[in-house]
Amino acid sequence: MHFTSRRSLLAGTAAATLLLSLTACGGATEAADSPAAKYELVQSGVITAATQAEQPPFAITDAAGRPTGFAVDLMNEAAKRLDLKVQYKSTTLQGMLAGLSAGQYDIGVAGVGATAERKKQVAFTTPYYWGFTDVLTLKGGKETALPDFYGKRVGAVSGSVQEVFVNHEMGRAKLVKFKDQTALITQLLSGGIDAAVLGGASADAYVAKEPVRIAVKLESLQGSAFPMRKDADPRLLKDIDAQIDAMIDDGTYVKLYKKYFHDPVAADLIKERPNLAKQVMNTDLAPVQD
């Protein structure tokens with residue numbers, strides 16, 4: 001595996017066939033004076049959340065058909081603390097962003113890069129994670145640098161920051177777009193493509209269970225955040241951010257982070273969430289110094 005510290009990552013509406021409902025608390029209706037009633041939501045008292053069925057470790061569907069993952073766990077805990085329920089609907093990344101723009105969802109719960117281009121379309125919370133961009137090949141591959149993929153078929157999820165990466169950083173490769181990570185990895189394993197570009201955390205999850213390797217690892221230029229409707233209730237966005245900060249302060253965030261990740265917390269994330277510094281100082285989660 002080749003690691004480079006240079007910063008090289010540039011900045012549908014078919015919603016889901018599967019409805020995944022998970023309540024963070026309470027019953028089906030809310031009294032007018034309840035805490036949940038103070039937010040302007042698609043459905044009163046309920047956060048309508050778009051998620052993905054196969055984006056490990058941020059958002060996946062477990063054996064019982066329930067959404068889980070780091071992003072889902074964070075959102076469920078934030079909603080619980082705000083006395084809100086969450087109703088999940090499974091879709092693609094493009095469906096998530098398009099649905100938010102169309103007012104179908106209140107929030108997207110997945111690992112979504114908060115790029116400048118996307119900020120024209122949706123609002124974002126403060127990043128809750130910061131990672132890497134990885135190029136995966138089958139085990140036994142010899143590639144260790146981006147030029148090794150010139151002329152080869154390289155896959156990425158359509159509409160993702162990884163698609164932008166392939167276009168701008170691997171321009172002499174042949175981009176193949178997929179609707180989701182499941183289709184992307186399936187084609188990599190079958191030999192339909194030579195490489196797949198994923199976020200580092202997702203790549204790590206596949207390396208742990210599939211015969212694939214990380215050929216190239218690059219730092220990301222933006223963190224992962226929760227996208228929200230551009231006209232989302234600013235109180236909800238502010239309060240979700242406040243609850244994530246509260247989870248950092250009481251140790252809940254670090255507990256969840258350790259459940260899903262093994263890499264140190266990125267220094268860029270600590271710049272966005274300064275209270276993380278004291279939680280990871282002198283631990284194996286402390287940022288690696290250049």
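Trainee: Which residues lie nearest the centre of the largest cavity?

Mentor: A cavity is a set of points, on a 1 Å grid over the protein atoms alone, where a 1.4 Å probe fits but cannot get out; its lining residues have an atom within 4 Å of a point. Here the lining comprises 27 residues. Those nearest the centre are Q55, G111, V161, Q162 and G199.

Trainee: What kind of model is this?

Mentor: Residues are numbered from 1 along each chain as its sequence is written, and side-chain values use heavy atoms, with hydrogens and water left out. Local features need pLDDT of at least 70, side-chain atom pairs count only at pLDDT 80 or more, and totals for chains, interfaces and linings use all residues; the structure is a predicted model.

Trainee: How much space lies in the largest cavity?

Mentor: Two or more lining residues come from each of β9 (112-113), β11 (132-138), α3 (161-169), β14 (195-199) and α5 (200-209); helices (H or I, at least four residues) and strands (E, at least two) are DSSP runs, numbered from the N terminus. The volume is the space filled by probe spheres set on the grid points, which are joined across faces, edges and corners. For this cavity the value is about 340 Å³.

Trainee: How many residues of that lining are polar?

Mentor: Ala, Val, Leu, Ile, Met, Phe, Trp, Tyr, Cys and Pro count as nonpolar, Asp, Glu, Lys and Arg as charged, and the others, Gly among them, as polar. The lining holds eleven nonpolar residues and one charged residue. The number of polar residues is 15.

Trainee: Is L198 buried or exposed?

Mentor: L198 is found in strand β14, and it touches residues including F132, T133, L184, A203 and Y206 (contact means heavy atoms within 4.5 Å). The C-alpha atoms of L198 and T133 are 5.9 Å apart, although 65 residues separate the two along the chain. Buried means under 20% relative accessible area, exposed over 50%, and partly exposed in between, with a 1.4 Å probe and protein chains only. At a relative accessible area of 1%, L198 is therefore buried.

Trainee: Which elements do the buried residues of α5 pack against?

Mentor: The buried residues of this helix are G200, A201, S202, A203 and Y206. Their packing partners are β4 (54-55), β11, α4 (181-190), β14 and β15 (212-219).

Trainee: Which residues have the most contacts inside the largest nonpolar core?

Mentor: A nonpolar core is a set of buried Ala, Val, Leu, Ile, Met, Phe, Trp, Tyr and Cys residues joined through side-chain atoms within 4.5 Å. The largest one has 58 residues, and helix α1 (residues 70-81) gives the most to it, with seven. Among the residues that Y253 touches are F70, L74 and L276. Those with the most contacts inside the core are F70 and Y253.

Trainee: Which residues does the cis peptide bond join?

Mentor: Most residues other than glycine have a negative phi, and most peptide bonds are trans. In the loop between β4 and β5 (59-61), where P57 has its place, omega is about 0° for a bond that joins P56 and P57.

Trainee: Is N282 exposed or buried?

Mentor: N282 lies in the segment after α9 (276-280), and its phi is positive, near 60°. D83, in the loop between α1 and β7 (85-90), also has a phi near 60° and is partly exposed at 32% relative accessibility. At 75% relative accessibility, N282 counts as exposed.

Technical notes
On a 1 Å grid over the protein atoms alone, a cavity is a set of points where a 1.4 Å probe fits but cannot get out, and a pocket is an open set with protein on both sides within 12 Å along at least five of seven lines; lining residues have an atom within 4 Å of a point. Lists of a residue's contacts leave out its neighbours within four places in sequence.
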